[in-house]
Structures are given as C-alpha cells and as structure tokens.
Amino acid sequence: MTERTPRPDPATGLSVVALTAGQALAAGRPDRIAALTRAAYHGSDPLPGLPVPDGAAETGARVRADVARGATVWLARDRAGEPAGTLRVHARPDGAWEIGRVSVGPAARGGGVARALLRAVENTAAAHGVSVLRLDAVVERCLPPLYARLGFTPVHHWPSGDKPLTEVTMERRPGAPADPRTPPWAAPDPDALRVHWLTTPAALVAVVGDDTATVPGARLAGLDVWHGATSPERARLTERLAALGRRVGDTVVAFPSARAATRAHLMPRTVESRLHAWCRFRPGAEPPLRALPAVPTAAVRCT
C-alpha cells in the first residue's frame, strides 16, 4: 500500500500520519521507530538522576508486539520528510484511546512535534466518536504540566511498581476546549499531609504542611502528598528531611544543593514509601506561588 502523507502544517512544517498495521510493520520500520523512541527518551529527563525511562530501551520487537496487539503507530515528519516524532494509540475496551510512547527526536525538540501528534490523534478520535483520550505520565519527570497545557486533566495518581516513582493518569475529552490554566495535579484528600518544595535564590526549601507563607517570594518546584499520615508520622518525616538538609523552622528544611542533587526532592518515595510526588515543574519553569490556579475540588488518593 502506498503511504499517503498529509499536507504539512504551514506554521510548523510538520505532517502527521496514522500508519496502517502493514505500513508500521514494513521491512525495517519497527526498528526505525524503536530507534527514534530510544533517542527521544535517552537523556530526556529535566532532572537527571532518575531511573532510565522504559522508552530508552525500546526495541523493534516491542513495536511489532504492540502493533500485533492492535496499537496504531502515529508518525510526524518534518519539512524534509524525516521522522521527527511518534506515538502509539491503543483502543481500550471502555472505548478510550490510550496514548503511549510519546517520542520527539532530539533535533526536533521544542518544535511543537508532541502537540502536533496529540492534536492529530484528538481530531481523529473526535471524528470517530471516541469519548476520552488517556495517557500516563511520570510526575518526577515533570511531564504532567506539559500535558495539562494541552488540556489533559489528572484523574488518578499511583506508585510505579518497578521504580520509586509516582505516575498520574490524565484524560481529555476530544474536542473539548483546552484551558492552559488547567492545574497539573488533582486535589489530594483535604486531610493528606503535603510537602511543598520551593525554590529561592539561596536554596531549595521543603515545607512540611501548607504554611508556605513562611518562605515569601518563593516559586513552586513541586508538591508531595502522603495520604493517611498520622501526627507522629508527620513529625518523623520532618525529622527525616531535617537530617538530610538544614532545619530553618518548625516545618521548614533548606537544601543547599540543586534540585537534581537533592534525592528527597528527586524521588520522595526513597525517603518514605508512602510519600508520593504529586507534581513537579521543570527547572526554570517553577511558577510563583501567587500565580498558581485553583486546584480542582474533587479529591484524589494515590492508590
């Protein structure tokens, strides 16, 4: 079958196509898709020091297996017709389209490739009457804010089974207006213990609780949540963080190292298995606390 490539977008020069199973499995293509995926995930973390992403070890065999299970491979090409990005879509029994392995080649980063891929998937989903798009994002890799800007809403936080990380399932209704102010986190249970990670000119600061006013002018680097923490457990967590940094208040601990060098911030589950990363912003993109939008009202637990 001759592969039809859509007309490139005049603004970005990108063209996006959904490959048929035959096209995705054509000689050599699964290996090329795997190579693009590996390159996209290798060294992609904005905070180095995290476990290597699964996509960095992608293989042609995995691509073939996904296609055999019904996945559709989407491919974005640049102005020269070269592959710039790819993702895979699985149709689930509940009618949702689940998006995975969103990959942008290193040379194409910052060129709107992920946005173009997701927009093309959404347009096709809307045309087919698909009720919801769904994807999973690793919180510590600072991915939820990216997808929130594209209109995806967090609905479920859960601990990774094979790594000390936290993931969040995000959903979007095809065709719904995308509000760039959508918070990249769901509201935790009101009684949950929160740890706010704040950046200041002098240090990275952890505030155990909600008293962020004690650090004026700070920016939010991230939020951790512990559902069901008791008062003694809250006190022990504060002491544990203080042992790793420098206590500067009853519930405030300062860390002089950079974010990536502060393991308690990088992977909070290594400090306490029940403490889950709820949100992380990329270095340089930490918003001022006063500029944060209101969080959703529906409370979500990490399960």
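## A tour of ring pairs and a helix crossing

Start by selecting Phe 255: this residue is buried, with a relative accessible area of 4%. Keep in mind that you are looking at a predicted model.

Show both side chains. The ring centres of Trp 197 and Phe 255 lie 5.4 Å apart, and their planes meet at 45°. The pair therefore counts as tilted, since that angle falls neither under 30 degrees (stacked) nor over 60 (edge-to-face).

Colour the two strands next. Trp 197 sits in E9 (residues 193–199) and Phe 255 in E13 (residues 252–255), so this pair ties together parts 58 residues apart in sequence.

How many aromatic pairs does the structure hold? There are three. For another of them, select Tyr 147 and Phe 152. Their rings are edge-to-face, with 6.2 Å from centre to centre and 75° between the planes. Both Tyr 147 and Phe 152 are buried.

Move on to the helices. Select H2 (residues 29–41) and H3 (residues 60–68). Their axes are 7 Å apart, and the helices pack at an angle of about 110°. H2 and H3 are therefore roughly perpendicular, because angles of 65 to 115 degrees fall in that class. The crossing of H2 past H3 is right-handed.

Finish with the side chains at this contact. On H2, show Pro 30, Asp 31, Ile 33 and Ala 34. On H3, show Gly 60, Val 63 and Arg 64. Coloured by class, the contact shows four nonpolar residues, one polar and two charged.

Conventions
Residues are numbered from 1 along each chain as its sequence is written. This is a predicted model: local features need pLDDT of at least 70, side-chain atom pairs count only at pLDDT 80 or more; totals for chains, interfaces and linings use all residues. Side-chain values use heavy atoms; hydrogens and water are left out. Axes are lines fitted to C-alpha atoms, for helices over the stretch in contact, and angles run from 0 to 180 degrees between N-to-C directions. Helices (H or I, at least four residues) and strands (E, at least two) are DSSP runs, numbered from the N terminus. Angles under 35 degrees count as roughly parallel, over 145 as roughly antiparallel, 65 to 115 as roughly perpendicular and the rest as oblique. A crossing is left-handed if the near helix is turned anticlockwise from the far one by less than a right angle, and right-handed if clockwise. Contact means heavy atoms within 4.5 Å. Ala, Val, Leu, Ile, Met, Phe, Trp, Tyr, Cys and Pro count as nonpolar, Asp, Glu, Lys and Arg as charged, and the others, Gly among them, as polar. Rings of Phe, Tyr and Trp (its six-membered ring) pair if their centres lie within 6.5 Å; planes under 30 degrees apart count as stacked, over 60 as edge-to-face and the rest as tilted. Buried means under 20% relative accessible area, exposed over 50%, partly exposed in between (1.4 Å probe, protein chains only).
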